[in-house]
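Hi,

Here is the structure I promised to pass on. Have a look at it first, and then read my notes below.

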Amino acid sequence: MNHNWNTEDIIEHFTLLPPEIGFLGSNDPHNHLGKALLLKFFQKEGRFPEDGTELPSEIVAYVAQQLDLPPEVIHNYDWDGRRHREHRRDIRELLGFHPATLADQDGLRAWLMNEVLPHEHRPTYLEQLVYQRLRRSQLEPPSKKQIDRLIKSALHRHEQAFFAQTAARLPEKVRARLRQLIYKKEDLATDVDLGEQEDDGDDPHRYPLHDLKTGAGEAKVNNIKRVANRLKLLQEIGLPSDLFAGIPFRFLRQYQQQTAVESISHLQRREKEQEGKPQTYTMLAAFAWVRQREITDQLVDLFIRVLKDIRLRAEYREERQLLADFIRVGGKQQLLFRLVDAMWEHPDGIIREVLYPIVGQERLHSLVHEAKNNGNYRHSVQTRISGSYTHHYRQMLPSLLEVLTFRSNNEQYKPLIEALAVVAAYLAEKDPFYPRKEVVPMDDVIQKQWQNWVYQTDHKGRRRIRRVRYELCVLQALRDKLRCKEIWVEGADRYRNPDEDVPADFGQKREEYYDALTLPLAADEFVQTVKKQMEEALQNFNDTLPTNPAVEILAKGGGWIRVSPLAKQREPANLRYLKNHIKQRWWMTSLLDIIKEADFRAGFTDNFQSLTGQARLPRAELQKRLLLCLFGLGTNTGLTSVSMGNHGVSYANLQYVRRRFVSKEGLRQAIGRVVDATLAAKQPHIWGETTTWCASDSKQFGAWNQNLRAQWHKRYRQAGVMVYWHITKQSLCIYSQLKAPSSSEVASMIEGVLRHCTVVQVDRNYVDTHGQSEVAFAFCHLLGFQLMPRFKNLHEQKLALPDKEAAKNYPHLQLILQKAIDWELIARQYDEMVKYATALRLGTAEAEAILKRFTRHNRQHPTYKALSELGRAIKTIFLCSYLSQETVRREIQEGLNIVENWNSANGFVFYGKQGEISTNDVDAQEIAILSMHLLQACLVYVNTLMTQEVLAEPKWYERMTEADWRGLTPLFYLHVNPYGLFDLDMETRIPLAG
């Protein structure tokens with residue numbers, strides 16, 4: 001039973017009703033309790049438990065209490081006996097179910113193949129769908145092993161049909177070009193060519209497939225050319241545009257990953273076998289399809305980053321020049337005073353005789369030079385950018401325009417598309433100016449401030465448009481519109497047509513999607529509900545403000561909110577002694593032994609399956625190698641160091657497991673499994689009831705910067721990446737994301753709440769200032785959870801009004817009231833807002849790709865305006881609650897402190913190479929961070945068991961105070977040794993109860 005039960009859930013689902021007690025009849029105590037548990041379990045899950053281990057002790061105790069029986073009698077119940085079979089038969093008859101026959105299973109397999117597998121292939125979700133289908137059909141499911149076999153059978157049959165259908169649709173010329181990816185040029189004997197490829201300095205003897213797997217590198221012109229050549233190669237393969245129409249991208253990515261890790265020799269061998277040809281060609285086609293979209297995104301990212309870097313360097317140089325001029329001619333105000341004073345005293349004097357002795361001729365010359373050169377700052381920066389672009393960066397333009405095709409769905413930006421066509425048409429021309437007869441788009445392309453700047457005088461004295469300046473302005477406009485997706489790119493994924501980001505069937509399934517978000521279909525009903533909540537929140541804050549000693553609204557600064565700091569809480573008195581006791585009992589426990597113990601109990605290595613679909617290693621040996629591999633990755637010590645331990649596993653063995661078995665998806669599932677095991681193991685009388693909140697924040701990690709993810713960060717004074725955590729009570733991290741420092745924290749926050757792989761149900765999320773925005777408040781409300789930020793700039797916050805005339809109702813809030821909410825705009829755009837919220841919920845596109853449309857770069861978008869208005873309303877409701885209730889402020893503060901505590905342990909676990917991620921492979925970077933997350937989750941799991949074992953002793957339990965219970969956390973490591981020779985003995989265990 002994969003559920004984290006709290007008291008309310010147990011009462012709701014396992015309370016016996018009078019008719020059900022009558023149904024139980026009279027039995028021996030153990031049979032009486034066993035039958036009751038079977039009944040309630042089947043009502044909740046739609047199946048019977050495999051054995052007693054699926055029933056948590058809390059549920060057994062609650063049901064036994066209702067029957068006036070001791071819960072221990074369940075140990076006498078025979079889960080394989082005759083009475084057990086009779087109980088199952090009686091319950092089936094009562095509820096109208098019957099066992100699934102072979103014919104039923106065949107029908108279920110056909111349903112999976114025809115209706116489910118075209119859209120969903122993840123085994124965990126397929127299992128859930130199968131159980132739901134059986135329940136609706138009132139069929140008792142077969143055993144879990146039979147369900148697993150049925151799903152695997154359906155997957156295999158569907159996969160073979162998919163291979164055959166895809167290969168049949170590939171023309172022979174396309175097959176030949178796909179085949180060229182897995183052979184060196186000198187090995188090929190075919191008339192088909194991939195086209196004339198420029199020599200970019202790569203080894204001509206490499207397999208093309210290997211080059212296509214490499215990353216984009218940092219934002220440089222040479223890398224843009226290299227990535228453009230890769231994209232050109234993939235485009236010239238000529239895959240049919242509708243080859244994978246309707247197939248989920250994540251399904252194709254599975255085959256892309258399989259192709260990437262498969263050895264070239266295996267691909268070649270299978271391609272030569274008649275039976276293996278459909279599979280090989282389908283895998284290569286999926287690889288090319290996915291990589292073409294990924295490389296298109298990489299090329300757009302490189303272009304955007306290059307333009308940003310040009311501007312940053314130009315600004316830096318201009319500011320240095322301004323500073324040098326300022327220093328060279330210092331004391332200008334004093335000089336001016338002395339000059340005026342001399343002129344006032346000698347109005348008829350000669351300049352050389354009166355002024356030069358006071359200031360000096362050279363200093364006056366420097367002042368004149370500074371005044372001439374210090375023109376408009378923006379103009380000076382743009383001129384510097386133009387110089388850099390002309391002399392170096394312009395060479396990237398032909399490569400970009402050759403392989404990228406730009407489109408727009410908005411008529412307003414069609415002139416920009418036309419301007420790009422003009423730029424492309426004259427790239428090969430030598431004349432630095434456009435012909436006077438050429439119609440060069442200016443309005444809605446070039447900003448007003450630069451429309452005169454793009455003109456220069458030619459050698460005949462005529463005023464004409466300078467091509468390089470015009471190109472630069474067009475590219476700057478293109479960059480801005482790509483970032484907000486008003487301009488999109490054919491064949492991209494993240495930069496694709498924004499209409500593809502939302503569900504295509506939203507119109508047909510509108511009611512279903514609204515119901516999934518628990519939102520009313522009528523916009524007026526939604527608006528009135530939010531408006532009423534807003535009025536109540538404002539009125540409550542207004543009424544309680546005079547008696548609230550911690551909050552005051554001051555007149556300064558146009559309305560200033562002053563909030564007193566939270567009172568310091570009592571320090572825990574006994575936690576230090578508790579941790580020391582654990583340290584003494586489990587002294588110098590190896591971190592490697594901790595993850596081994598966690599795996600023995602939670603079985604998280606079962607989530608790592610071969611990416612090629614084939615695994616020949618015995619599971620016990622694979623488990624051992626996986627633990628060593630994950631330890632090397634998660635501690636950042638590397639596989640080389642780990643291979644030197646006394647465990648008999650070589651570096652080559654670890655490399656093989658890393659390449660074939662360790663994936664981002666497997667790591668996320670393993671993390672979810674450990675977190676769920678921790679929640680299941682937690683004893684409520686020690687840790688309290690399960691929470692429904694999580695806190696999220698980011699931390700910077702140093703990383704090599706020859707890639708698109710790592711960036712320089714002013715605050716940390718180094719290049720690196722950001723890891724965004726989602727953490728619940730008692731340091732349980734449910735999700736982590738590796739992001740570029742400039743990426744949206746709002747998108748990361750929403751992604752983590754929606755995509756975590758655990759049983760935690762999140763209804764509120766605590767963030768810092770950077771994790772919130774008005775658009776974020778709106779989307780969180782639509783998605784069904786509260787956004788609760790801690791504002792750094794709380795004194796600047798304002799409250800929106802529900803109506804223009806409502807200001808008089810809140811006399812104590814007058815200084816911080818803003819304009820009223822535009823409810824009509826929200827109502828008009830309600831359907832569009834729900835459509836984008838549904839896209840976020842379903843994951844039809846990445847959260848960041850969707851939220852790009854709703855930024856300050858796209859303020860005129862009507863849906864953005866509506867989201868901002870809704871966000872202002874929800875933010876006002878939150879601020880009223882935050883300011884009027886100290887418990888809310890303390891709750892958020894404590895939640896974010898837990899994130900800081902989690903961050904403090906990162907350095908202990910991820911200690912290798914001084915905590916720097918020493919790779920430029922962005923996938924390897926993410927795998928390293930996920931591995932660290934897994935190790936830290938294992939530490940929390942084992943520490944939970946250790947803490948519970950100590951607190952099971954009455955002397956320790958009774959010693960704990962209220963402050964101790966409040967501060968109790970399983971994230972500590974005084975007793976842990978992460979260093980050493982990395983010995984791994986699979987026969988020994990950590991001495992723990994249970």
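On the H27 side, the contact uses Leu622, Arg625, Leu626, Leu628, Cys629 and Leu633. H29 brings Asn653, Leu654, Val657, Arg658 and Phe661. Sorted by class, this H27–H29 contact has eight nonpolar residues, one polar and two charged.

Now for another pair, helix H1 (residues 7–14) and helix H4 (residues 57–66). Their axes are 11 Å apart, and the packing angle is about 50°. H1 and H4 are therefore oblique to each other, and their crossing is right-handed. If you want to find the contact on screen, pick Ile10, Ile11 and Phe14 in H1, then Glu58, Ile59, Tyr62, Val63 and Gln66 in H4. That contact comes out as six nonpolar residues, one polar and one charged.

How far can you trust all this? Keep in mind that this is a predicted model. The average pLDDT for the protein is 89, and 94% of the residues score at least 70. Residues 190–202 are another story: pLDDT stays under 50 there, although the model does give this stretch 23 contacts beyond four places in sequence.

Cheers

Definitions and conventions: Residues are numbered from 1 along each chain as its sequence is written. This is a predicted model: local features need pLDDT of at least 70, side-chain atom pairs count only at pLDDT 80 or more; totals for chains, interfaces and linings use all residues. Side-chain values use heavy atoms; hydrogens and water are left out. pLDDT is the predictor's confidence in each residue, from 0 to 100. Contact means heavy atoms within 4.5 Å. Axes are lines fitted to C-alpha atoms, for helices over the stretch in contact, and angles run from 0 to 180 degrees between N-to-C directions. Helices (H or I, at least four residues) and strands (E, at least two) are DSSP runs, numbered from the N terminus. Angles under 35 degrees count as roughly parallel, over 145 as roughly antiparallel, 65 to 115 as roughly perpendicular and the rest as oblique. A crossing is left-handed if the near helix is turned anticlockwise from the far one by less than a right angle, and right-handed if clockwise. Ala, Val, Leu, Ile, Met, Phe, Trp, Tyr, Cys and Pro count as nonpolar, Asp, Glu, Lys and Arg as charged, and the others, Gly among them, as polar.
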